[in-house]
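Have the sequence and the 3D view open side by side.

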Amino acid sequence: MKKQSILSRLMEYAGNFQFLTYSSWLLSALSALIALVPYWYIWCIIYDILNVYPDFEKAQSLPHYGLMAVLFALLSMLIYTAALMCSHIAAFRIASNIRSISMHHIAALPLGFTESFGSGKLRKIVNESSAATETYLAHQLPDKAGAIATPCGLLILLLVFDWRLGLLSLVPVALGFLIMMNMTGKEMQRKMKEYQNALDAMSNEAVEYVRGIPIVKTFGQTIFSFKRFKATIDNYEKWVIAYTKQLRLPMMFYTTAVNGVFAFLIAAALLFTKNGVSNEFLLNLLFYIIITPIISVTLTKIMFMSEDKLIVSDALSRIDSVLDLQPLAEPSHSQKPMDASVELSHIRFSYDQKHDVIKDISLRIEPGQTVAFVGPSGGGKSTLANIISRFYDPQHGSVKIGGVDVKEIKKEDLMNTISFVFQNSRLIKASILDNVRLGKPDASEEEVLDALKAAQCMDIIEKFPDGIHTVIGTKGVYLSGGEQQRIAIARAMLKNTPVIILDEATAYSDPDNENQIQKAFEILAKNKTVIMIAHRLSTVANTDHIYVLADGRIVESGNRDSLCKKNGLFAKMWNDYQSSVQWKVKKEA
């Protein structure tokens, strides 16, 4: 299948604004041709001056020629302004449509896919890639139309007065064009992709670094403590320096060629005037000296347009890398879970299709049961929870909720069956009321208040004059990690789903907040199936069943007492935990 051009791709997002893009090209080309007319009047002015020299009073037409030159210059500017107005309206609409389509698609993707991209990289793709198309459409394409029209008009002007000087003026143009083609070919396209990759990596790691600044400051560390971020900076520096050195000589030759028209004209003047100089030749030579700088300006514009085209091509490929991701298959008819049971059968999962993170796990959680996933970091606990909530689909095996395969449950119905509280719950910049209402958009204020009370959040509400209408993130209103967790739990309570997943929900809580969160959990878990992921073993001590995961497998299972008697991995983890709780600093005598 024939590959679509960049322009045809962009026009897919233009809708009814395509005609404005095409109109901007016509107006820009017309403006470029009209902009050459004043040079004709300049030639007429020089012609009259040379003909009447030294009696300049006879040059009666000079004011007329000057006025006409100014009028055509102004007309060219007005038409070009109209061209830019058309192109900007179309460009803004196309960029807006790209952002809208991208964000709607991202919202439809499973959370696991969007997390694998990284927030910094996704932000850069959506914002900066669409912005690159905006610049290209608003400025580069109209200028390209003008840059194509200008040489056509120039060619006529250069050849109509003295074809010999005209052809000599085109020699450096041809040299500059050949050098430019060498700089903006396939090699440049590959380099541009490498450049954008380096920027993406640095942007993504920068976001992670900024998030970790509190830790860096707490422990008095520097940027070097974030090796990956430092590595991306070093890689970008290395790439830019090598790329600059590679283009140094071609750019020097190009600049010399396009600005070397005067050298050819001077050589021609010396050659053609060996037997004397005529007024006509002097007039033409002066005219060519005045008009030939347009050639270098036009060629430079074309060169930068070629570079911008490569940037837009890369931007579209990055947008496609997001749009090509397919949402998980949705059933035509959604089946309703019969109860709140969760059953996993021979689950295998890999992020890279090479190394299994989950290795043949089977388990069943009864309705109303509270279970815990514990084990060493990297054992597969969070991945298993993500598979249950269908953030990912396993490569092998099945996940059933209420006896129904999750693949047979529509996304909306599945999200109304499962709630989750993450270890790093995020609140949006909105009121506490609106943050909690995310769990149930049509909830009344009374329902929200009931959920906040059950989540032990009233001490948070009471410290703000505006109560639940307090907007988080403005006027110094910020919540601690533990307070944010309690708001997130209130959101889950309002949603009131039969299955709840708690992923390290007390990870960022101080002792006081953890106590409040535990009280909220007791209320939240009533008559519900609860899956807890925890490193703090105190939070899972009273659960109905504990699954110990290591290296993607369930190595032990049972309640706390039975697991401690086995003297296995859980017993060791429990003993280590108990020792850490009882540890105290011993004072010197």
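This is a predicted model. Begin with helices H2 and H4, whose crossing is left-handed. H2 covers residues 18-34, and H4 covers residues 62-108. How is such a packing described? Two packed helices are described by the angle between their axes and the distance between the axes. For H2 and H4, the angle is about 160° and the axes are 8 Å apart. Angles over 145 degrees count as roughly antiparallel, so H2 is roughly antiparallel to H4.

Now look at the side chains where the two helices meet. From H2 come Leu20, Thr21, Ser24, Leu27, Ser28, Leu30, Ser31 and Ile34. On the H4 side, the contact residues include Phe72, Leu75, Ile79, Tyr80, Cys86 and Ile89.

Is Met180 buried or exposed? Its relative accessible area is 1%. Buried means under 20%, so Met180 counts as buried. Next, locate Pro250. Met180 and Pro250 are 70 residues apart in sequence. In space, their C-alpha atoms are 8.2 Å apart.

Turn to the charges. Side chains of opposite charge can pair when their charged atoms come close. How many salt bridges does the structure hold? There are 14.

One of them joins Asp393 and Arg390, with the closest N and O atoms 2.9 Å apart. Are these two residues buried or exposed? Both Asp393 and Arg390 are buried.

Compare the pair Asp561 and Arg560. Their salt bridge has its closest N and O atoms 3.5 Å apart. Asp561 has a relative accessible area of 45%, so it is partly exposed. Arg560, at 26% relative accessibility, also counts as partly exposed.

A further salt bridge links Lys572 with Asp576, the closest N and O atoms being 3.2 Å apart. Where do these two lie? Both are in helix H22, residues 569-582. They are four residues apart, about one turn of the helix. Asp576 is partly exposed, because its relative accessibility is 44%. Elsewhere, salt bridges that share partners join Arg9, Glu12 and Asp320 into one network.

Methods
Residues are numbered from 1 along each chain as its sequence is written. This is a predicted model: local features need pLDDT of at least 70, side-chain atom pairs count only at pLDDT 80 or more; totals for chains, interfaces and linings use all residues. Side-chain values use heavy atoms; hydrogens and water are left out. Axes are lines fitted to C-alpha atoms, for helices over the stretch in contact, and angles run from 0 to 180 degrees between N-to-C directions. Angles under 35 degrees count as roughly parallel, over 145 as roughly antiparallel, 65 to 115 as roughly perpendicular and the rest as oblique. A crossing is left-handed if the near helix is turned anticlockwise from the far one by less than a right angle, and right-handed if clockwise. Contact means heavy atoms within 4.5 Å. Buried means under 20% relative accessible area, exposed over 50%, partly exposed in between (1.4 Å probe, protein chains only). A salt bridge is a side-chain nitrogen of Lys or Arg within 4 Å of a carboxyl oxygen of Asp or Glu.
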